[in-house]
Amino acid sequence: PFCDKAKYELRNEDFEVKNISDNPDYLTELMTKNPIARTMPQVFKGDQLVGGYDALMALRGVTTGDLSL
């Protein structure tokens with residue numbers, strides 16, 4: 001679901017989806033760029049790692065979780 005949420009969030013942006021289920025070479029590429037990646041999505045801007053869905057939303061200034069105490 002977070003991959004779909006990230007794609008929706010970026011729907012008005014020019015971006016490329018690389019699905020590791022579709023092409024195993026994408027997993028190799030991902031592990032080269034971010035060897036500690038354990039969850040998806042992994043969002044990059046160019047070659048710069050943004051992070052996962054929460055990091056994408058934080059970069060965009062959106063809170064994804066309940067921050068109440």
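Relative accessible area, computed with a 1.4 Å probe on protein chains only, sorts residues into buried (under 20%), exposed (over 50%) and partly exposed (in between). The model described here is predicted, so that local features need pLDDT of at least 70 and side-chain atom pairs count only at pLDDT 80 or more, while totals for chains, interfaces and linings use all residues. Residues are numbered from 1 along each chain as its sequence is written, and side-chain values use heavy atoms, with hydrogens and water left out.

A search of the whole structure finds six salt bridges, a salt bridge being a side-chain nitrogen of Lys or Arg within 4 Å of a carboxyl oxygen of Asp or Glu. One of them joins E29 and K18, whose side chains meet at 2.7 Å, N to O. Because E29 lies in helix 2 (residues 24-33) and K18 in the loop between helix 1 and helix 2, this pair ties together parts that are eleven residues apart in sequence. Salt bridges that share partners join K18, E29, K33 and D47 into one network. K18 is partly exposed at 37% relative accessibility, and E29 is likewise partly exposed, at 26%.

Helices are DSSP runs of H or I with at least four residues, numbered from the N terminus. In helix 1 (residues 2-9), K7 and D4 are three residues apart and thus separated by about one helical turn; the closest N and O atoms of their salt bridge are 3.7 Å apart. A further salt bridge links E9 with R60, with 2.7 Å between the closest N and O atoms. Since E9 lies in helix 1 and R60 in the segment after helix 3 (53-59), the pair ties together parts that are 51 residues apart in sequence.

Terms used. Helix = DSSP H or I, 4+ residues; strand = E, 2+ residues; numbered from the N terminus.
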